[in-house]
Amino acid sequence: METQEKKVITVESTINAPVKKVWEYWTRPEHIVKWNHASDDWHSPWSKNDLRVGGSFSARMEAKDGSMGFDFGGVYNVIKSNEYIEYTIADGRKVQVSFSGSGHQTKVVETFEAESTNPVELQRGGWQAILDNFKKYTESI
């Protein structure tokens with residue numbers, strides 16, 4: 001039996017905000033619904049987050065016209081407050097998110113295992129667009 005090595009994708013951004021604020025906006029549902037979409041014609045109408053090891057999270061991502069959508073969720077494996085989150089998505093893929101604060105800037109690096117349905121560049125572009133929305137939202141408040 002052959003095993004296929006999983007392709008890992010990384011996206012990152014430097015947010016002009018202290019790490020405490022970045023962590024809060026990344027993890028609290030009332031903020032997640034404001035930035036969790038890849039384009040302006042999509043939105044995230046709800047989010048739930050039980051931020052603890054073994055806790056689960058879920059957020060609805062859908063087109064504003066209602067033509068399509070999906071729930072994105074998983075279970076937390078590791079949480080280090082203001083530093084690091086690791087979780088497993090419902091389809092079994094792993095995701096790591098690191099937060100590196102330096103004064104009024106925080107670098108967020110997200111690494112995830114690619115899925116096999118869509119091209120890697122499409123996946124990278126979608127996750128980067130969501131991270132870019134997070135940056136825009138966090139810096140605007």
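H1 and H3 pack at about 120 degrees, with axes 11 Å apart. The model is predicted: local features need pLDDT of at least 70 and side-chain atom pairs 80 or more, while totals for chains, interfaces and linings use all residues. Numbering runs from 1 along each chain as its sequence is written, and side-chain values use heavy atoms, without hydrogens or water.

**Helix packing**
- In H1, Lys21, Val22, Tyr25 and Trp26 meet Leu131, Phe134, Tyr137 and Thr138 of H3; contact means heavy atoms within 4.5 Å.
- By class, this contact has six nonpolar, one polar and one charged residues.

**Largest pocket**
- The largest pocket holds about 890 Å³ of space.
- A pocket is an open set of points on a 1 Å grid where a 1.4 Å probe fits, with protein on both sides within 12 Å along at least five of seven lines.
- Its lining has 35 residues, with Met61, Phe70, Phe72, Trp127 and Ile130 nearest the centre; lining residues have an atom within 4 Å of a point.
- Elements giving two or more lining residues include H1 (19-27), E5 (69-80) and H3 (120-140).
- H3 gives the most, six residues.
- The lining divides into 19 nonpolar, ten polar and six charged residues.

Technical notes: Grid points are joined across faces, edges and corners, and a volume is the space filled by probe spheres set on the points. Helices (H or I, at least four residues) and strands (E, at least two) are DSSP runs, numbered from the N terminus. Ala, Val, Leu, Ile, Met, Phe, Trp, Tyr, Cys and Pro count as nonpolar, Asp, Glu, Lys and Arg as charged, and the others, Gly among them, as polar. Axes are lines fitted to C-alpha atoms, for helices over the stretch in contact, and angles run from 0 to 180 degrees between N-to-C directions.
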